[in-house]
Amino acid sequence: MLILKNFVLLSLIILIGSCTTKNFDKVQNIANYSIEVDTPNDKYNIYLKENLSRLFYVNDKKAKYIIKTKIAFESTKTLSVRGQSVLKSTKARVDYQLINKVTNIVVKSGSIKTFPASSSSSSSLYTQEKSINHIKERLTMISAKSLYMRINVIIRRLS
């Protein structure tokens with residue numbers, strides 16, 4: 001009886017395992033497109049381009065789409081939780097255009113805004129500047145991931 005139960009359990013595990021490996025191979029081959037990333041040549045736009053290049057499959061010879069992006073930051077002064085010190089709240093905004101490279105038609109354009117990030121309340125100017133730079137780098141990474149997900153949805157709808 002114990003041998004029969006073990007045999008049924010083992011065959012069930014093998015059956016489920018073989019079904020999932022077929023689906024896994026099928027899901028891995030969905031991204032059969034290549035995107036060329038085009039940004040201006042300033043510090044944070046280059047960060048955005050590098051993050052997007054890591055996320056997208058980039059092959060200039062087989063690129064079907066071009067994505068033109070530009071990132072801008074907006075800082076405002078806010079009060080801390082206790083209301084005793086002034087913090088800087090920084091938001092990022094990415095404007096993008098997805099262009100079909102063959103037909104040169106704009107497929108989708110728009111902008112993405114991130115949630116605000118607050119900087120430190122240190123009295124040192126160097127520390128404040130470094131904090132703002134780290135926030136901008138982090139917001140650039142978050143914006144790249146958000147844009148990557150949005151572009152994937154758009155391209156899958158086109159296919």
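In the predicted model, local features need pLDDT of at least 70 and side-chain atom pairs count only at pLDDT 80 or more, while totals for chains, interfaces and linings use all residues. Residues are numbered from 1 along each chain as its sequence is written, and side-chain values use heavy atoms, with hydrogens and water left out.

The protein chain contains three helices and five strands, in the order α-β-α-β-β-β-β-α along the sequence; helices (H or I, at least four residues) and strands (E, at least two) are DSSP runs, numbered from the N terminus. Of its 159 residues, 28% count as buried, buried meaning under 20% relative accessible area, exposed over 50% and partly exposed in between (1.4 Å probe, protein chains only).

Helix H2 covers residues 43-55, and its end C-alpha atoms lie 19 Å apart, which agrees with the 18 Å that its 13 residues should span at 1.5 Å a residue, the expected span being 1.5 Å times one less than the number of residues. Tyr44, Asn45, Leu48, Asn51 and Leu52 are the buried residues of H2; viewed down the helix axis they fall within an arc of 125° (taken from the directions from the axis to the C-beta atoms), so they line one face of the helix. An α-helix has 3.6 residues a turn, so residues three or four places apart point the same way. The cover over these buried residues includes strands S1 (35-38), S2 (65-79) and S3 (86-100), together with helix H3 (125-158).

Val8, in helix H1 (residues 2-28), is partly exposed, with a relative accessible area of 47%.

Methods: Contact = heavy atoms within 4.5 Å.
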